[in-house]
Every structure is written in C-alpha cells, then in structure tokens.
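Please keep the sequence and the coordinates at hand while reading.

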Amino acid sequence: MIGKITDIETMGLVDGPGMRLVVFLAGCKLRCIYCHNPETWVAGDNVREMTAEDILKLYQKYSSYYGQKGGVTFSGGEPFVQGEFLLETVKLLKENGVHVAIDTAGVADNYEEVLRLVDLVILDIKAVDVGEYQKITGYSINSFNKFLSDCKRLNKKLWLRQVIVPNINDDKNHILALKEFAKTIPNVERIELLPYHSMAKEKYEKLNLNYPLADTPDMEKERCKELENLLKD
C-alpha cells in the first residue's frame, strides 16, 4: 500500500516524547482559518509516495538518535484521511517495538483499530464551543466529540493542544473554558497552548489560496505562556 507524504522531519522534538521521526500525511477535511500546512489539504504534485516498509527503514536508519524514549509521530493534514495506509504502517511499527504517536484533529472514520495500537494521541482542540468550532474549521464538532469519547473509553494517553490566535481565543474566558473541558477527560497527560504565527502566508500565496488571517498579528509567546499558566492554577 502506498502512502502520500507531504513532508518528513527526522529529528522532531515537540511532537511526542523524546526525539522522533515525524511523518506528515496528505489530506484533511477541515479548513481551519489558521492552518499552517495548507499544502497537506490534498495530495498534489508535492507529495512523496512511501510504503510502510519505507517508513520503518527510515526510522531504523536514525534509531540510535531516537533511543528508548523516541519513536514515530504521524501528523498532517489529518493522518486518518489515509486510514488504510496508516493502519498498515502502525501495525508494522508496533511489531518492531516502535513507540507511535498520532497528531490528529479527531475528524476521522474507521479509526478504532489504529487508536487501539498507538501509544499516544496528540489531540488538536480547535474550540470547545460548538459555534466557534464550526467558524474556525468549517466543520461540525460531532466527529471530534465521537473520537474523544472513544479515546476516553479506551483510556488512551492524550496530549491536548490548542492554537491561540489574537482576537479569537486569546482571552481568559476561552482558557478557563478549555480548563473546564479538560477536567472532563481523565486520561489527559499534558495541555499545550501554541502561539499562532503567520509564517504560512507564503504557502497560501504559492498555492493561490486566500489567507483568512492576513490582518492578524502573531501571538506573543509571553502572553501565550501567561494564558497557559491559567490552566495550571
């Protein structure tokens, strides 16, 4: 089976524990207004075709760097768009003792077998309010809620992440709502707030796409840290 890959990071340090091979899969149903990887929305001319064996070999090539704590993380786009390839690859990696994480927005079909196999789910929180979720993603929150419910049922280790955007969700009320939301999820290990940045503008221009946040300034990292501290109080 062939997977369509838009990018590979061999020394990832932020997408799961330890140092990791991060594989960005093409395809995504969402159209988030702050998306910084629009090139992953569809499998175009920019993709690299790989098999599960190719990914295992690449991991093994750098395995001395990954050690016992590292592993492979699948990101995107939305990894579950290529669900069959993802399942085949995750199975092969787990058969070879590799720690596997998946970075997902939880908008997926036929995901349970993969979910049972992976060691960690990095779950992207677009919004906890139904209306805001629709406004940010262009999609209903129902699929996300179903996915989260199944993560709870399977007691899957979770890291929650939310991008913080000026004038959209960078206020105390939004953060406290996220905090209350997280309290309802017993298997959460970590919550991270990611400061919005506008570095993707050039990508949108090259793809002849409208950049929805053209007039939005970058999120100040210090302000983002202050908001993150509200989660810890």
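Leaving aside its neighbours within four places in sequence, with which residues is Tyr111 in contact? With contact meaning heavy atoms within 4.5 Å, the partners of Tyr111 are Phe80, Lys146, Phe147 and Asp150.

This is a predicted model, in which local features need pLDDT of at least 70 and side-chain atom pairs count only at pLDDT 80 or more, while totals for chains, interfaces and linings use all residues. Residues are numbered from 1 along each chain as its sequence is written, and side-chain values use heavy atoms, with hydrogens and water left out.

**Tyr111 and the aromatic pairs**

Tyr111 is found in the loop between β5 and α4 (112-117), where helices (H or I, at least four residues) and strands (E, at least two) are DSSP runs, numbered from the N terminus. Its relative accessible area is 7%, and Tyr111 is therefore buried; the classes are buried under 20% relative accessible area, exposed over 50% and partly exposed in between, with a 1.4 Å probe and protein chains only. The C-alpha atoms of Tyr111 and Leu86, which are 25 residues apart along the chain, are separated by 9.5 Å.

Rings of Phe, Tyr and Trp (its six-membered ring) pair if their centres lie within 6.5 Å, with planes under 30 degrees apart counted as stacked, over 60 as edge-to-face and the rest as tilted. By this rule the count comes to nine aromatic pairs, including the two in the table.

| Aromatic pair | Centre to centre | Angle between planes | Class |
|---|---|---|---|
| Phe80 and Phe147 | 5.8 Å | 65 degrees | edge-to-face |
| Tyr204 and Tyr211 | 4.7 Å | 70 degrees | edge-to-face |

Because Phe80 lies in the loop between β4 (71-75) and α3 (83-95) and Phe147 in helix α6 (residues 142-153), their pair ties together parts that are 67 residues apart in sequence. Phe80 is buried at 6% relative accessibility, and Phe147 is buried at 0%. In the other tabulated pair, Tyr204 is buried with a relative accessible area of 1% and Tyr211 is buried with 9%; ring pairs link Trp41, Tyr204 and Tyr211 into a cluster.

**The sheet**

Eight strands form an open sheet in the order β3-β1-β2-β4-β5-β6-β7-β8, with mixed pairing; two strands pair if DSSP finds at least two bridges between them. At the edges stand β3 (48-50) and β8 (188-195), each with a single partner strand, so one side of each is left without a neighbour in the sheet. Direction ignored, neighbouring strands of this sheet are turned by 30 degrees against each other on average, where axes are lines fitted to C-alpha atoms, for helices over the stretch in contact, and angles run from 0 to 180 degrees between N-to-C directions.

Strand β1 (residues 3-12) pairs with β2 in the antiparallel sense over five bridges, with Glu9 opposite Val22. The parallel pairing of β2 with β4 also has five bridges, and there Phe24 stands opposite Ser75. Strand β2 (residues 20-25) is largely enclosed by the rest of the structure, because six of its six residues are buried. Of these, Arg20, Val22 and Phe24 point one way, whereas Leu21, Val23 and Leu25 point the other way.

Further along, β5 (residues 100-104) and β6 (residues 120-124) run parallel and are joined by four bridges, with Asp103 having Ile122 as its bridge partner in β6. Ile122 in turn stands opposite Trp159 in β7, and Trp159 stands opposite Arg190 in β8. The charged end of Arg190 also sits over the ring of Trp159, 3.9 Å from its centre; the rule requires NZ of Lys or CZ of Arg within 6 Å of the ring centre and within 35 degrees of the ring normal. Seven bridges join β7 to β8, which run parallel, and seven of the seven residues of β7 are buried. Helix α9 (residues 221-232) lies across β7 (158-164) and β8, running at about 155 degrees to β8.

**The nonpolar core**

A nonpolar core is a set of buried Ala, Val, Leu, Ile, Met, Phe, Trp, Tyr and Cys residues joined through side-chain atoms within 4.5 Å. The largest has 72 residues, and those with the most contacts inside it are Leu21, Tyr34, Phe74, Val121 and Leu123. The largest share of this core, six residues, comes from α3. Leaving aside neighbours within four places in sequence, Leu21 is in contact with residues including Ile8, Ile55, Leu58, Tyr59 and Val72.
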